[in-house]
Amino acid sequence: MIEMRELRKNFSVRVKAGRLRRQKREVAAVDGVSLSIARGEMVGYIGPNGAGKSTTLKMLTGVLTPTSGEVSVCGLRPVPQRTRLALRIGVVFGQRSQLWWDLPLRESFRLLRHVYRVPATEHAARLRRCEELLDLRAFLDTPVRQLSLGQRMRGELTAALLHGPEVLFLDEPTIGLDVVSKQAVRSFLGELGRTGDVTLVLTTHDLADIERLCHRLVVIDHGHVVHDGTIEQLHTRYGSRRRVVADLDVPLPPGFTLPGATLTSTEADGHRVTFTLESIAAGAAVAALVTAAQVRDLSVVEPEIEDVVARLYTDVSGAP
Ligand SMILES: Nc1ncnc2c1ncn2[C@@H]1O[C@H](COP(=O)(O)OP(=O)(O)OP(=O)(O)O)[C@@H](O)[C@H]1O
């Protein structure tokens, strides 16, 4: 559905060279990205600020011409076949709007039907579904400029979907939204993904979006892909460990060891201990602890994706 081969985008920037002089320099915003995304996949495309995410999305949607490499979306070349591509993709870019600011939301949707020449029945059915899943009814007659950010984002998502696109590109769809709107947007996208009809590529700085929605995670840094796989593979690659936290009636005897795990913290005078699991499964560690000690309460703590991604960014950027 989406193919990128050695895709590059260079920008020419002026940098200071001496007190007054400025020199032209080429910056590789996207530096040889090759990816294949199949129909129905939900892909999180993440990376630190300036990594090249938006530039990639702009090349995929025909906004920017690549410096070199190949790109195709729905079998079309995005820049030369931009008009045809527009009928097959939906785009939500946080800063730009598809809606008419002075018109009620409902009117924007009506106009979009004409722009995309969508048959009335198809349009009505899609709008009904979005109204329901995104809870739009309360503000359909409100002019767009009066909508809250969360309401507008729900409107933008609807606008992007009314022509029945095969691929949806979302750039930071939950940025700045309150918790309720975030949940609404996430569960809507999750529902969309479950049907498998739409291929979704999402950039975000909110890793909860990725955890909730995307099976595949592509991490880009300095224009290069530095990870392409599942979140679990990222955890494995970066050695994220599960932990077992136990509250004890009586502290562990001195010198106690749990083979395959390391005691990484002791609190409350030894009444709370945390073991980080290395080569032992959580079930086996729990069983061993319960047998050896008087355990009052016990929990297995999953590694945080935030931690792993932060470590990944630090690794590839060479930052401290
Ligand atoms: N029009 C432009 N002219 C010059 N440089 C640009 C232009 N657009 C982007 N860049 C540079 O290209 C690099 C990649 O930018 P891009 O916007 O793709 O990053 P990003 O991963 O989307 O970042 P963010 O998370 O901050 O949105 C950055 O170094 C940026 O400064």
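Mentor: The questions below take up the model and its terms one by one.

Mentor: This is a predicted model, in which local features need pLDDT of at least 70, side-chain atom pairs count only at pLDDT 80 or more, and totals for chains, interfaces and linings use all residues. Residues are numbered from 1 along each chain as its sequence is written.

Trainee: How many helices and strands does the protein have?

Mentor: The protein has 10 helices and 13 strands. Both are DSSP runs numbered from the N terminus: helices are H or I with at least four residues, strands E with at least two.

Trainee: Why is Phe188 called buried?

Mentor: A residue is buried if 20 or more other C-beta atoms, placed from the backbone, lie within 10 Å of its own, exposed if 12 or fewer, and partly exposed in between. Phe188 has 21 such neighbours inside 10 Å, so Phe188 counts as buried. Of the 320 residues of the protein, 35% count as buried.

Trainee: Where is Phe188 found, and what is it in contact with?

Mentor: Phe188 is found in helix α6, residues 179–195. Contact requires C-beta atoms, placed from the backbone, within 7 Å. Leaving aside neighbours within four places in sequence, Phe188 is in contact with Leu133, Leu134 and Leu157. The C-alpha atoms of Phe188 and Leu133 are separated by 6.1 Å, although the two residues are 55 apart along the chain.

Trainee: What makes β2 and β4 edge strands?

Mentor: Two strands pair if DSSP finds at least two bridges between them. Five bridges join β1 to β4, and these strands run antiparallel. The open sheet has three strands in the order β2-β1-β4, with antiparallel pairing. Each of β2 and β4 (68–73) pairs on one side only, and these are the edge strands. Ile2 stands opposite Val73 in β4.

Trainee: Which elements give two or more residues to the shell around the ligand?

Mentor: A residue is near a molecule if its C-beta atom, placed from the backbone, lies within 6 Å of it. The residues around the ligand include Phe11, Val27 and Lys53. The elements that give two or more are β1 (2–16), β2 (22–37) and α1 (53–60). The largest share, three residues, comes from α1.

Trainee: How do you know that there are two domains?

Mentor: The bounds come from an automatic or database domain assignment. That assignment gives domain 1 (2–236) and domain 2 (241–302). Their centres, taken over C-alpha atoms, are separated by 44 Å.

Note on methods. Two residues are in contact if their C-beta atoms, placed from the backbone, lie within 7 Å.
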